[in-house]
Amino acid sequence: MKKTYALALLFLATSIVPTASFAQCDDVTIASLTNPGPFEIATLTEADGLRNGSDYLGATVYYPTNATPPFASIAIVPGFNSFPESVEDWGPFYASHGIVTIIIGTNSIFEFPEDRAIGLLDALETMRQENTRTGSPLENNLDVDKFAVSGWSMGGGGAQRAAVLDNTIKGVVALCPWLPNPDLNHNSPVVIFSGENDGVAPPDIHANVHYNDTPESTNKLLFEIDNGDHSVANTPNGGNGAIGRIALSWLKLYVEENDCYCPLLTDDLLADATVASDIQSSFECELLGVAEQTTPINIFPNPTDGLLSINTQQQTPFYVFSPVGQLLLEGQLQGNEKQIDLSSLNAGVYYLRIGQETIKVVKK
């Protein structure tokens with residue numbers, strides 16, 4: 001069984017930033033990712049005046065009643081031969097944390113992923129119209145620039161495809177996605193959940209392929225649940241609650257644009273993921289406490305094609321970390337010509353640790 005885990009960057013953060021920098025994030029903790037969350041919720045259906053979209057069949061909107069707008073929104077669609085009830089637990093969970101959620105049915109339970117993608121986009125149009133519908137409890141309360149999509153099984157494949165069809169989508173949560181030979185050229189930050197023992201959408205031919213086929217330039221995370229089956233991500237309680245905590249943090253980080261959730265992901269949720277059989281990640285966020293290069297140590301060129309020259313008199317070890325804290329390279333700076341070869345790494349952002357200094361490096 002493969003076991004790959006991200007390492008924490010906590011020592012980087014605490015070594016170079018005053019404690020005051022974290023004050024704004026005091027309320028963002030694992031303990032705050034409860035199910036349910038802190039807000040009371042209510043629902044809307046077509047009987048309440050909600051738009052009836054032509055590309056889906058029936059919808060329920062879950063929304064917070066005592067949170068402060070404007071709200072981000074997410075649209076969720078179920079899988080093949082399934083109904084909204086199969087994923088309905090996500091609605092009150094997200095809404096109780098301040099994210100308005102619309103869960104839709106499909107015109108046919110046998111629709112394939114592309115039709116489910118179109119249904120998700122139609123659901124987002126419903127949310128746009130709800131924001132302007134006179135008398136709606138959500139009138140002028142939605143941020144229509146902060147939309148996400150999600151789905152289970154073929155719905156997860158549809159969520160990925162929806163991001164391809166609409167590049168304004170700010171986030172994707174793919175729940176055990178089913179979509180063979182995917183075309184996933186999009187830039188929407190995506191978290192993919194899978195089950196190690198999923199016999200319907202085996203990770204090796206679905207979730208893992210989705211991760212690999214999503215562009216390297218796109219923020220992405222794959223989280224596979226140890227011994228999980230095809231329905232392990234149908235509720236936020238999957239993986240002993242890890243799925244809900246990670247999905248919520250992903251949406252808070254990339255859709256609501258709350259950087260406090262970056263260290264929560266990197267230092268806690270992914271660094272101590274005992275329920276996971278595989279974690280793969282390639283994402284960049286504002287790691288609170290990791291500064292831009294403002295030190296006496298000079299590196300060049302930055303960005304680099306591969307070879308970094310280090311202008312320092314120190315004879316010292318160096319460490320290169322991924323944005324989520326995984327140690328990728330280490331070695332010793334010595335001699336007169338001090339260089340580090342990053343040619344084995346993919347293009348992206350990395351963090352170079354030399355002595356007490358942490359420097360952001362971009363590999364082209």
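In which strand is Ser309 found? In this predicted model, Ser309 lies in strand 11, which spans residues 307-311. The residue counts as buried because its relative accessibility is 16%, and the cut-off for burial is under 20%. The Ser309 side chain makes a polar contact with the side chain of Gln339, at 3.4 Å. Beyond its neighbours within four places in sequence, Ser309 is in contact with Asn298, Ile299, Phe300, Lys338 and Gln339.

The overall make-up of the chain comes next. The secondary structure of the protein chain comes to 7 helices and 16 strands. The chain has 364 residues, and 55% of them count as buried. Among contacts with a separation of 6 or more, 68% join residues 24 or more positions apart.

Two of the helices meet in a defined crossing. Two packed helices are described by the angle between their axes and the distance between the axes. Helix 3 covers residues 113-130, and helix 4 covers residues 154-165. Their axes come within 7 Å and cross at roughly 60°. That angle makes helix 3 oblique to helix 4. The crossing of the two helices is right-handed. Helix 3 contributes Pro113, Glu114, Arg116, Ala117, Ile118, Leu120 and Leu121 to the contact. From helix 4 come Met154, Gly155, Gly157, Gly158, Ala159, Arg161, Ala162 and Leu165. By class, the contact of helix 3 with helix 4 has 9 nonpolar, 3 polar and 3 charged residues.

Helix 7 was examined for burial. This helix runs over residues 261-269 and is mostly covered, with 8 of its 9 residues buried. The buried residues are Tyr261, Cys262, Pro263, Leu264, Leu265, Thr266, Asp267 and Leu269.

Glu257 is located in the loop between helix 6 (242-254) and helix 7. Its phi is positive, at about 65°, although Glu257 is not a glycine. Glu257 counts as exposed because its relative accessibility is 52%, and the cut-off for exposure is over 50%. Cys176 also has a positive phi, near 45°, and is a residue other than glycine. The loop between strand 6 (171-175) and strand 7 (190-195) contains Cys176. Is Cys176 buried or exposed? Cys176 is buried, with a relative accessible area of 1%.

Cis peptide bonds were assigned from omega. Pro36 is placed in the loop between helix 1 (10-16) and strand 1 (41-44). Another cis bond joins Asn302 and Pro303, and here omega is about 15°. Pro303 sits in the loop between strand 10 (298-300) and strand 11. Strand 11 is also where Ser309 is found.

Ala148 lies in strand 5, residues 142-152. What is the relative accessible area of Ala148? The value is 1%, so Ala148 is buried. Which residues are in contact with Ala148, leaving aside neighbours within four places in sequence? They are Ser73, Ile74, Ala75, Leu124, Ile169, Gly171, Leu251 and Val255. One of these, Ile169, is 21 residues away along the chain, and its C-alpha atom is separated from that of Ala148 by 5.6 Å. Leu124, another contact of Ala148, falls within the residue range 113-130 of helix 3. Leu251, also in contact with Ala148, falls within the range 242-254 of helix 6.

Asn212 belongs to helix 5, residues 207-213. Asn212 is exposed, with a relative accessible area of 54%. Leaving aside neighbours within four places in sequence, Asn212 is in contact with Lys220 and Gln280. The C-alpha atoms of Asn212 and Leu184 are separated by 9.5 Å, and the two residues are 28 residues apart along the chain.

Note on methods:
Residues are numbered from 1 along each chain as its sequence is written. This is a predicted model: local features need pLDDT of at least 70, side-chain atom pairs count only at pLDDT 80 or more; totals for chains, interfaces and linings use all residues. Side-chain values use heavy atoms; hydrogens and water are left out. Axes are lines fitted to C-alpha atoms, for helices over the stretch in contact, and angles run from 0 to 180 degrees between N-to-C directions. Helices (H or I, at least four residues) and strands (E, at least two) are DSSP runs, numbered from the N terminus. Angles under 35 degrees count as roughly parallel, over 145 as roughly antiparallel, 65 to 115 as roughly perpendicular and the rest as oblique. A crossing is left-handed if the near helix is turned anticlockwise from the far one by less than a right angle, and right-handed if clockwise. Contact means heavy atoms within 4.5 Å. Ala, Val, Leu, Ile, Met, Phe, Trp, Tyr, Cys and Pro count as nonpolar, Asp, Glu, Lys and Arg as charged, and the others, Gly among them, as polar. Buried means under 20% relative accessible area, exposed over 50%, partly exposed in between (1.4 Å probe, protein chains only). A polar contact is a pair of N or O atoms within 3.5 Å; within protein, one must be able to donate a hydrogen and the other to accept it, and residues adjacent in sequence count only if both atoms are side-chain atoms.
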